[in-house]
Amino acid sequence: MERADPAGPPNLPSPGSHDEPVSIRVMVARLRAAYPSVDAVTVETTVSTAYDSFRQARIRTYIPILVERRSRKVLGAACRAAPGPAIDGGATAADPGPEAARARGAGRWRLPRLRKR
C-alpha cells in the first residue's frame, strides 16, 4: 500500500486549475477591449496583481470573477483620474453622464405635490 506524500496535506487544492490560465488570458483580452486607452502592459500588470492577491485562496471557483472585478475597479479609477478626453464611455464636460444625474437626485421617487382646491 502506497502512502500519501508527507510533504503536504493531501486535501489542499493545487495552486490553480487548468482553466484558470485560459480564463485569465480571455479576461485580459476583454479588459484591453474595454479600456483601449490603457496600455496593454498596464492591463496585464493589473490583472496579474489582482490574481496574485488570491494565490492562497483555497476555493478557486470564483477567482476569475473576483480578479476581473478588482481589475475593472482599478482600471476604472485610473481612467477617471487620468486627464484628457473621456475614456471607456466616461462622461465629458458636455455630457455629465448618469453618475452626475444620480448625484443630483434624478430618478428618485418623490411624492406628488397636491394642488390646493
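A: Leu66 lies in helix H3, which covers residues 63–81. The model is a predicted one. At 34% relative accessibility, Leu66 counts as partly exposed. Leu66 also belongs to a nonpolar surface patch, made together with Tyr62 and Ile65.

Cys79 has a relative accessible area of 9%, so it is buried. Cys79 and Val38 sit 41 residues apart in sequence, yet their C-alpha atoms are 7.7 Å apart in space.

Now the charges. In helix H3, Glu68 forms a salt bridge with Arg72. Their closest N and O atoms are 3.2 Å apart. The two residues are 4 apart in the helix, which means about one helical turn separates them. An α-helix has 3.6 residues a turn, so residues three or four places apart point the same way. The cut-off for buried is under 20%. Arg30 joins the pair, and Arg30, Glu68 and Arg72 are linked in a network of salt bridges.

Helix H1 spans residues 19–34, 16 residues in total. From first C-alpha to last, H1 reaches 22 Å, close to the 22 Å expected at 1.5 Å a residue. The buried residues of H1 are Glu20, Ile24, Met27, Val28, Leu31 and Ala34. Seen down the helix axis, these buried residues fall within an arc of 125°, so they line one face of H1. That set packs against H3 and against helix H2, residues 40–53. The face of H1 turned away from the buried side carries exposed residues: Asp19, Arg25 and Ala33.

Glu20 forms a salt bridge with Arg60, with the closest N and O atoms 3.1 Å apart. Arg60 lies in the loop between H2 and H3 and Glu20 in H1, so the pair ties together parts that are 40 residues apart in sequence. Both partners are covered. Glu20 counts as buried at 2% relative accessibility, and Arg60 is buried at 12%.

Another salt bridge joins Arg55 and Asp52. Here the closest N and O atoms are 2.6 Å apart. Asp52 is partly exposed, with a relative accessible area of 36%. In total, the structure holds 4 salt bridges.

Last, the setting. The chain has 4 helices and 0 strands. From the N terminus on, its elements run α-α-α-α. Of its 117 residues, 21% count as buried. Among contacts with a separation of 6 or more, 55% come from residues 24 or more positions apart. The accessible surface of the chain is about 9800 Å², and 57% of that belongs to carbon and sulfur atoms.

The buried residues of H1 pack against H3, and Arg60 in the loop between H2 and H3 is paired with Glu20 of H1.

Technical notes: Residues are numbered from 1 along each chain as its sequence is written. This is a predicted model: local features need pLDDT of at least 70, side-chain atom pairs count only at pLDDT 80 or more; totals for chains, interfaces and linings use all residues. Side-chain values use heavy atoms; hydrogens and water are left out. Patches are made of residues with over 30% relative accessible area and no salt bridge: like charges are joined within 9 Å, nonpolar side chains (Val, Leu, Ile, Met, Phe, Trp, Tyr) within 5 Å. Accessible areas come from the Shrake-Rupley method with a 1.4 Å probe; for residues, only the protein chains shown count as cover. A salt bridge is a side-chain nitrogen of Lys or Arg within 4 Å of a carboxyl oxygen of Asp or Glu. Buried means under 20% relative accessible area, exposed over 50%, partly exposed in between (1.4 Å probe, protein chains only). The expected span of a helix is 1.5 Å times one less than its number of residues. The arc is that of the directions from the helix axis to the C-beta atoms. Contact means heavy atoms within 4.5 Å.
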